[in-house]
Amino acid sequence: MNYLSVESVSKSYGSKVLFDKISFGLNQGQRMALIAKNGAGKSTLLKIITGKEISDGGSVTFRKDITVTYLDQNPLFDANSTVIEAIYNTDNPMLNAVRNYETALTEFEKEYNDKTSEQLELCSAQMDKLEAWDFEAKVHEILQRLKIAFLDKQISTLSGGQKKRVALAKVLIDEPHLLILDEPTNHLDVEMIEWLENYLVSRDLTLLLVTHDRYFLDSVCTEIVEIDAGKLFHYRGNFQYFVEKKAEREMMENSEIDKAKNLYKRELEWVRKMPRARGTKAKYRVDSFYEVKDKAFSKQTEEKLVLGVQMSRIGGKILEFNKIKKAFNETKIINDFSYIFKKGEKIGVIGKNGVGKSTFLNMVMGLETPDSGGISTGETIVFGYYSQEGLKLNEDKRVIDVVKDIAEFIPLADGSKLSASGLLTKFLFPPDVQYGFVSKLSGGERRRLYLMTILITNPNFLILDEPTNDLDIVTLSVLEDFLTSFQGCLLVVTHDRYFMDKMVDHLFVFEGEGVVRDFPGNYTEYREKKEQEEKKIGKDAKASQQQAAAKSVSIDAAPVSYSADTTSKTTTQKKKLSFKEKFEFEELEKEIAKLEAQKAKITEDLNTSTDNHDDIVKWTGQIGNIIAQLDEKSLRWLELSEGV
């Protein structure tokens, strides 16, 4: 069943042609990705499809009886509305029933009386009528997974990342027939991205999306459409299949062009020597000559992005952290962290949003001071800091002037020098773009310009905070090649698992409560190790819960007689958990696992400790407190599990 048809669509801006008479279709159940270089028109095409921009020609047609939802790269909301109003602003009757039930439940929990009780009963009846309980559970899962607990906040108070997560939650909750997503993984941490992957694949969804996340592409998409030189190329497979087939296509095209060029040379010689009397055969040869010429020059030699700037000399001492502590009020960021950086190290920094990764980078740069401990930087170290916020540019400034403000001539790795204009050309900014205004650059072009301004300062210690956002896959590949041969130090924060796996030697894992774990390996290796640890902790937690349950049963056991009617009633009237209770149940599972891990760590310390009496007393007190918490939380978990 065809959901979307794009027929002969074209779009140009002045002399720049984004795409010319491109056509494709999307059928029910297909999950299609759109790939192109920065500035080639990916987001523009999505906006044309969704009616937010007008094409120069062609048509876009949706099946009449389907709903379509679009996630913009920069979503817009009513700034005065709250998060819950933005999410539940819909005509979906099931979602309206959930909203009314949640509101009634909140009022009932605030104040128990006949009015709130009656309202809750009416809303519950409506939920029963629409069979909306499973839908309610799905809504809560989406909100919880995207960590949207700030439902009463005004949209105007949210950060850009929070707005993107609210917009993503809204489009997922709406359950449209066709979902169009522009960079859905931006501003999500790795845990959220992996959940989103599984969610999209496990649902019977039809998708059209733009993303630079190559693991996400590989896991989610079954088809890829590429815009290249204004034309469309279709690949029926995932990202790995696309890479293989694109290489084959380009080899074949280049081979055909080479053949055409050789034939063109021979035809050119014939045309120059052509007899004056143009008979029928001669006319045919002339027409054939122009066809061959068009083929021979159908694809101009493609300029490649070149990253080859000079690196400053790096000395023996690089950067040393000595027993660093940092906290904001009661929130611990880093607690007693020490590390000596070595030449050529490539370190990834991972952790959930808000645990302190950016604060750590700011301390490395000297932009943030630790509460205690010392940071010592080598005299030869030149930092290059690529921040998540990007480069603050004057929109009315010409691109070439941005570079000239830093340097007129830039030293390269081979010892030569290049003008600002020449270097911009190597970074794929042609002359017409160089002398154009910053305001005309796409998001990806701005990030590429920002990267260039970092590299031309010749750093030997690169700090990259979310470098992959808005960069196209070609640019990412070139950046990865450059960083692989980079002789200095690299510290990178990114949610791009592919980039992390390819780049880093080991990880700083921010686990919360000030704990920073140094893991020897890349992200995939860390995930595998973590899954093994979680399975073990889960088994231990389950065993602890069973012991607590057995103990509770043995204490409370007493002879009880049941009638058949009573048993049946007890079984069928199993209490449903409220949203808060469901959230509490899921949080308890995490807390129990965390307590078990702490218990195991302290037990190990006790077994391997020295004779330091103070440490032993401290650890013994801690483990007693943890066991008491485990017993309390396990019993509560068992109570709530009856309603799951």
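Let's start with Cys221: at 3% relative accessible area, this residue is buried (buried means under 20% relative accessible area, exposed over 50%, partly exposed in between, with a 1.4 Å probe and protein chains only). This is a predicted model, where local features need pLDDT of at least 70, side-chain atom pairs count only at pLDDT 80 or more, and totals for chains, interfaces and linings use all residues. Residues are numbered from 1 along each chain as its sequence is written, and side-chain values use heavy atoms, leaving out hydrogens and water.

**Cysteines**
- Cys489 counts as buried too, with 1% relative accessibility.
- You'll find zero disulfides here (a disulfide is a pair of cysteine sulfur atoms within 2.5 Å).

**Helix α5 on its own**
- Helices are DSSP runs of H or I with at least four residues, numbered from the N terminus.
- The 13 residues of α5 should span 18 Å at 1.5 Å a residue, and the end C-alpha atoms are 18 Å apart, so the two agree (the expected span is 1.5 Å times one less than the number of residues).
- Buried residues in α5 include Trp133, Lys138, Ile142 and Gln144.

**Where α3 meets α5**
- The axes of α3 (residues 93-110) and α5 (residues 133-145) come within 10 Å and cross at roughly 75 degrees.
- That makes α3 roughly perpendicular to α5 (angles of 65 to 115 degrees get that label).

Technical notes: Axes are lines fitted to C-alpha atoms, for helices over the stretch in contact, and angles run from 0 to 180 degrees between N-to-C directions. Helices (H or I, at least four residues) and strands (E, at least two) are DSSP runs, numbered from the N terminus. Angles under 35 degrees count as roughly parallel, over 145 as roughly antiparallel, 65 to 115 as roughly perpendicular and the rest as oblique.
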